[in-house]
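Here's a quick tour for anyone about to work with these coordinates. Have a look at the sequence and the fold before reading on.

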Amino acid sequence: MARVINYEGRRIEVPEDFSDDEVAEVLAASAPAVPAAPAQAPAAPAPRQPEPTGEELDAMIRGQTAVPRAPRPPQSRTEQAMDLLRGAAGVVDQGARGIAQGAVTLAGLPVDLAALALNGVAAAGGADVRFRDPVLGSAFNKRALDTANDRTVDVVNAVTGAGLDYPQREPQGPIERGVNRVGQELGAAALPTGAALATAARVGREGAKQLPALARMFVEPAAVAPGRFAAKETAAASAAGLGAALTNEATRAAGVKEGSAGQQVGDLLGSFGGLGLWSVGSHIAPRIADVFNAVRGSPNFADRVSREAVVDQIAEAAGLPGAGREGGAPDVQPVIDAIRQGPRTGDVVPGYRESLADRTQNPGIAALEYGRQATGSGAFTARNAENSQAIDNALQALAPQGSPGALRDELDVRRTGLLQDAASDSAAAQARFEQAAGRLQSAMSADARGADIRAPLEDALAAAREVEGQAWRGVGDAGEADIRPLVESFRGVGQRMSAAEREVFEPRQLTGIPRRFLPAEEAAAGAADSPALAGMTAEERAIAESILGPQAAAGAADEAVPVALREATGLRSALTDAQRAAATAGETNRARIIGQYIDAVDGYLDGNMPGGVQEAYAQARAVSRDLNDRFTRPQTAIAQTLDRQEGQYRLPDSAVPRRFVQPDEGRVADFDALMREAGQDPRARAALQDQILNDVQRLGPDQLDEYVRTHARVFQQFPELRTRLEEAGGLRRSADAATERQGELTRSLGDQSTPGSSSVGRYLAYGPENADKAMRTVLNAREPARAADEVLNFAGNTPEAVEGARRSFWDLIEKGARRQGETTATVGGGQPWMPRALMRFLDEPRNAAVAERLYRDNPEHLADIRRIAEAIQSVDVRQRARAPNTSGTAQGLSNVLTPETLQSRIGSYQRGQISGSFLVTSIAAVTARRAVKRAQTQAIGRLLDEALLNPEAAAVLLRENNPANRALLARRAKAWMGNQASTVVNLLDGEDEDPVRAGVTRQESAR
């Protein structure tokens, strides 16, 4: 690939592997001969030749004479447009090339510095050694860049056939050279600027403080404000490049050689000059603009001093470390973070605009806002009204639209219907029971019932006695038996008794009957051996026997004394009656003694009964036992009913029925005995049924059921009565239940005159005009959620009732969470909401429980209310501030130029104390100073209000004017110094010419 060289307006191609000396020989050989000028006159400068064509260059390289060019024809508009496009492309090409050259130059600066140091060491040691064009040095990098560009163009042309000649190595014309020079500065500055930005992004602001001093100078400003840092470095590099480009054009026009020391010094001075002009202009121009805007009264005036003053006030109000102290530089980043992370009420409440205090929740900033508002700043009053209206609009959009009285109407209609139905049911059930109970009334007195029960028993007893008498008559008529064994049995019984028992309990009129049938002598002897003598001593008995005769001692004779059996059976019956009488009278011992004599009679009969009478005797005894068991056992109710004393019944008639109508666990055997003896007698059955009706007529349903259960044996004989009683019990239970239900409904729901005890009854105690008070009864219930559920369910959960309940609940919210005073009304007349009161109301457990029930079918609605309530908790923070006014409210100021000032200055001029120029400049200075001061004061107030009312604007203001960043951002740009350092190294290294140019010069000198 050929190497293209532009030398003094000529374009020469040489082989790529030519050394600099070989290229110099080619250029020297092809240079046209210049005739020597006369010694007496200086040579006139040769006219600048036009760029040679390709044929002319070939001829120059071969040493041939240039071929004369034909004049160019005039260009068409298309060709002119293409020339303009080519020119613009050349400018862009050289700008990009310059950026690349600047970058590779700065990249090779460390190598150039090392070569410079080595050359200095070699020169100090006297060695003739110099390191020129070191590898990876600036010159090496530029040449490598040129080669890469050329190859890129060749590849593109070979592939596309476009015939491009960009990028070019050398710029054509002053514009391309200027753009290329500015690009070199930008490219050289881009490396340290980009490195600083990348490092700042990686380590952050705090990490930048830990870096070495040299790196920290770049990285700290980049970490604080990356955009401003990059803009400052770019502007400085552009100013340096533009200054150098202008200077280079001047030195070029003056004939200074490219690459010479003079040209490089001019480049450096031009760079410094451009930087100086930029620095001065960047500081003076804003001041001039400030004065101009202040004098003309611009409403948007806001200079750096104003912005920094506002930032300082906010920092001091926020209580940041270092704020308010002289020389302090507080970091406002915490306030910026609070703005970014703070609550955004406007996202929830459409139209709401937070203030800085709302967003940061900082009490000091809240006090600052309070001060601005208290000193009459209308912006805050207007904002309060707007925000209050926005909150009201958001909440009213969620307010229920129903009527508070709709719920009560539904409840009243339902209550009236229930009470009427309950009254009707109770009356009908009571009527049915009374009708059934009327058929179950007792019709007899207690005496009549007793007489009707006793009469059939007497009949049964008489019948039984008749049977018994017939049985014993059969036995008594059966024959005779010796009476002596009975007499001996009686004597034995008497001997076993004590004297007291014989005197008190022995029925002597009966026990002496058997001895009467003995002969008179035996009877007398028997008297001596009677129980009266049984207790005597032997001596006393001997005396008695001597008096009574010898037969007393000998005992009874051996001959039998036959007596009819009826005597024995009759005696037995008499003893039995005596025993029954004693038992009835409670004479237990007497009954026991008599029983022993009865046993003796039975023993006698058993032992002396003729053979053919045994069966009749056994039957008679069985009949007697049966009669006694049925009618005469003292412990039985039948015996007690039939028992007489002196011809009168011991029990009155009225006591008889209860003896037989007994529960199962009582003496139910008496009832069974009665049913056996007189169960078929209508008198007894009617009396028993009437007693049962008398027992149950005053019993309640549960007691009646218990009575029927415990008298099961009785009701087995009266199943129809049991059925009637059970039906009556069911009717009584239904009537009582209906009556109780009516009473419960009345007590629970109340009526027109009496409030009820239930949630519905308490709610209905208030009229439609007091719906809020009615809702309070629900909120104050022991279980509010259950009370609300009860009320709504009672109303049928109709949409109208639910919406009415929500409206009543909403009215309570408004009463508790809206301001009520006349002085708190907004400009529009509405009362603002109290966010904390609203949140307290919604968070109250009972209110929250009721609200959840009211909005059970639409929980999103309640969630929206709570979301708005939570969002507005952070609003109007300044209204809660108690700090003094520290806002620095602007006070009234004098005019910019008062008449007194003009008169003073003109008077001094007229007296000759000041000159005319001083008069003009003084008036101008006073005018500018006062205008700026007034404008600054107004700007501070305006910016402060804007920052306090617009957190986003405050964040931008704080970020751009952070006191902690001012010193860092005030540091001068330094990235441009890399390219200038390379130029200084070239100067110090003595490389004052381009190597190619130097080679050509050496060849020409050799010739």
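## The big picture

First, a heads-up: this is a predicted model. The protein has 1007 residues, and 41% of them count as buried.

If you take contacts between residues at least 6 apart in sequence, 73% of them join residues at least 24 apart.

## Helix 17

Helix 17 covers residues 484-496, which makes 13 residues. From first C-alpha to last, helix 17 reaches 19 Å, close to the 18 Å you'd expect at 1.5 Å a residue.

Which residues in helix 17 are buried? The list runs Arg 484, Leu 486, Val 487, Phe 490, Arg 491, Gly 492, Val 493 and Gly 494. Note that Arg 484 and Arg 491 are on that list, along with Gly 492 and Gly 494.

## Zooming in on Leu 457

Leu 457 sits in helix 16, which spans residues 446-476. Leu 457 counts as buried because its relative accessibility is 0%, and the cut-off for buried is under 20%.

So what does Leu 457 touch, leaving aside neighbours within four places in sequence? Its contacts are Phe 631, Ile 638, Thr 641, Leu 642, Phe 660, Leu 674, Glu 677 and Ala 678. One of these partners, Ile 638, is 181 residues away from Leu 457 along the chain, yet their C-alpha atoms are separated by 7.4 Å.

Methods:
Residues are numbered from 1 along each chain as its sequence is written. This is a predicted model: local features need pLDDT of at least 70, side-chain atom pairs count only at pLDDT 80 or more; totals for chains, interfaces and linings use all residues. Side-chain values use heavy atoms; hydrogens and water are left out. Helices (H or I, at least four residues) and strands (E, at least two) are DSSP runs, numbered from the N terminus. The expected span of a helix is 1.5 Å times one less than its number of residues. Buried means under 20% relative accessible area, exposed over 50%, partly exposed in between (1.4 Å probe, protein chains only). Contact means heavy atoms within 4.5 Å.
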